[in-house]
Amino acid sequence: MRPLPLVLLCLASGLLGILTAVLLHPQGGLDQGVSPVISELLPEPEPPPPPPPTRDELVVFKQDQSLELLRTDGTRVEIGYHSAVLDPRWISIDFFGGWNREMEANEDVQALLFTSGPTFARGQGNGELGMVLHGDLMLANGTWRAGNLTAARERAWMGITKDGELEFGYGPLTSELEQELQLFIGGLHAFTNTTREPPESYEGVYGEMKLADVRIIYGLRPDGKLELVETADGVYFPDLEQFVKQKGFLAAYLPDHASKSRLIIPGTRLWSEEQAVWVSGGKPSITQMPFLLKVTPSTEWINQQPAASDALIGE
């Protein structure tokens, strides 16, 4: 049949074309002209954000710890302490106030913990509390301005940004900080801070402290979490300097005056006469006038929990 030579000619031409393409493009020549599929043009989808921690993971409480320190004179001392590690991305802080509300704090199932607030003085201010704050407060349940503006400028603050980052700074609550932060606790004493240099206006709360006492510490950990520490009675300031350095804190601030310190974990570590004796060196009468801050799970954390978790958060 006459078409057969024509068919053979077409086949030979095709094979010759393929051979030429392979010789000219030995690495994938057959794919050079193939258009990519749509899925190859789209960017890789971002992985979903990790789920929030469980309620038990929001605060990790470690009781009865100790740290051995080497003093500058060559002697060694062992510091006993309790600590609670908090994730700033998932917590909220309320102004719980005072006076003497420890028993209420013991029973508060919504709270993760209670701890001492910043320094203050007796006087007219902030409703019926009769206190004059030495620093501004911008917390989940309201904003309170310092009754002592000079003290607010001379002291330090701890805050949480709207992105959940923990920051330690100096001075009062400014309009710029109000835009950047969701929480602000002023009136603190900056014991150490490797993240910022203090301004000339910073004076701090304490002068030279020679008395040994209980210390509450707000510590900025290298992982960005907040560690609240309550030391045993008998800690001198030089010991505390060694303590926060050995703990590896990027910053360490002190809130309230020593013997009025509080660290209450509802259901775990309650306020009691025994604890009052412990923090006062055997003189519980000097542990009055608490000023408490209440730490709870944030609204964002609560909104991401299944309905079945309502009972866990006390609703």
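Two rings of Phe, Tyr or Trp count as a pair if their centres lie within 6.5 Å. The model shown here is predicted.

**One pair in detail**

Take Tyr170 and Tyr253. Their ring centres are 6.3 Å apart. Their planes meet at 55 degrees, so the pair is tilted. Tyr170 belongs to strand E10 (residues 166–170), and Tyr253 to strand E14 (residues 251–254). The pair therefore ties together parts that are 83 residues apart in sequence. Are these two tyrosines, Tyr170 and Tyr253, buried or exposed? Both are buried. They also belong to a cluster: ring pairs link Tyr170 and Tyr253 with Phe168 and Tyr202.

**Charges over rings**

**The chain as a whole**

The chain has 315 residues, and 46% of them count as buried. It forms nine helices and 16 strands. Consider contacts in the chain with a separation of 6 or more: 68% of them are between residues 24 or more positions apart. The accessible surface comes to about 17300 Å². Carbon and sulfur atoms account for 54% of that surface.

**Helix H7, side by side**

Helix H7 spans residues 237–247. Which of the residues in H7 are buried? They are Phe237, Asp239, Leu240, Phe243 and Val244. These residues cover an arc of only 145 degrees around the axis, which puts them on the same side of H7. On the other side of H7, Pro238 and Lys245 are exposed.

What covers the buried residues of H7? The cover includes strands E1 (59–70) and E2 (76–86). It also includes E11 (181–193), E12 (216–220) and E13 (226–231). Strand E14 is part of the cover too.

After H7 comes Gly248. The phi of Gly248 is positive, near 85 degrees.

Technical notes: Residues numbered from 1 in each chain as written. Predicted model: local features only at pLDDT ≥ 70, side-chain atom pairs only at ≥ 80, totals over all residues. Heavy atoms only, no water. Phe/Tyr/Trp six-rings, centres within 6.5 Å; stacked < 30°, edge-to-face > 60°. Helix = DSSP H or I, 4+ residues; strand = E, 2+ residues; numbered from the N terminus. Buried < 20%, exposed > 50% of the residue type's maximum accessible area, 1.4 Å probe, protein only. Contact = heavy atoms within 4.5 Å. Areas by Shrake-Rupley, 256 points an atom, 1.4 Å probe, with all protein chains shown as cover. Arc of directions from axis to C-beta.
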